[in-house]
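I opened my notebook to look up a few spots in a model.

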Amino acid sequence: MCQQVLVLLAVAAGYAGADELCCMEKSVGGLNYTLVEVKDNTFCSSDCIYERADMPGGNRTCFEAGPLTVVCYEEADIDATGLPIYHNFKYKGTRMNPAGGMETDTYPACRHVCELTEGCKVWSWYKVGYNYCYLYALDEGLERWKHFVSGVV
């Protein structure tokens, strides 16, 4: 079955352009949407594809600038493994490496360290200065924190 992409008009400040991040969840004109895919498309200026939260598996939707009010609940990318990557958020809670972070060059390297560390469930990578990787055994939620990239394994 061929799925069509429905184009909705959203306020310009709330849509993600080609170089911007997708919202994991967003409200547009009072309706809630969930990110299901990030891929090149010819219908919208954004590569973010959504489904209505109350209609999973329904029509896929992307957004253009327009008059509807938009609220972005969480900024994230979907990486090549299909897992979310949260920009400008870090995980809360007790770190597995409490004395400080471990230096890694990139956030994929930080994720890889978490994958190799027994008990690690989530990670946060500070991308300024020393590029520290922080590992966590528990997902105690995210908090907005500039210059961090975070994810799950």
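My entries below go through a helix, a strand and a single residue.

**Entry 1: the model.** I am working with a predicted model.

**Entry 2: helix H1.** I looked up H1, which spans residues 107-116. Its buried residues include Cys110, Arg111, Val113 and Cys114. These four cover an arc of only 155° around the axis, so they sit on the same side of H1. Next I asked what covers the buried residues of H1. The cover includes strands S9 (84-91) and S10 (102-103), along with S11, S12 and S13. I also checked the N-terminal end of H1, and Thr106 caps it. A side-chain oxygen of Thr106 lies 3.2 Å from the backbone nitrogen of Ala109.

**Entry 3: strand S11.** Is S11, residues 122-126, largely enclosed or open? Four of its five residues are buried, so the rest of the structure largely encloses S11. I then traced its partners. S11 pairs with S12 (residues 132-136) in the antiparallel sense, over four bridges. Ser124 has Tyr134 of S12 as its bridge partner. Five residues lie between S11 and S12 in this hairpin. In the turn, Gly129 has a positive phi of about 80°. S11 also runs antiparallel to S13 (residues 142-152), joined by five bridges. There, Trp123 has Gly151 as its bridge partner.

**Entry 4: Glu51.** I found Glu51 in strand S5, residues 48-52. Its relative accessible area is 10%, under the 20% cut-off, so Glu51 counts as buried. Leaving out residues up to four places away in sequence, Glu51 touches several others, among them Asn32, Tyr33, Pro56 and Arg60.

Technical notes: Residues are numbered from 1 along each chain as its sequence is written. This is a predicted model: local features need pLDDT of at least 70, side-chain atom pairs count only at pLDDT 80 or more; totals for chains, interfaces and linings use all residues. Side-chain values use heavy atoms; hydrogens and water are left out. Helices (H or I, at least four residues) and strands (E, at least two) are DSSP runs, numbered from the N terminus. Buried means under 20% relative accessible area, exposed over 50%, partly exposed in between (1.4 Å probe, protein chains only). Contact means heavy atoms within 4.5 Å. Two strands pair if DSSP finds at least two bridges between them. The arc is that of the directions from the helix axis to the C-beta atoms. A polar contact is a pair of N or O atoms within 3.5 Å; within protein, one must be able to donate a hydrogen and the other to accept it, and residues adjacent in sequence count only if both atoms are side-chain atoms.
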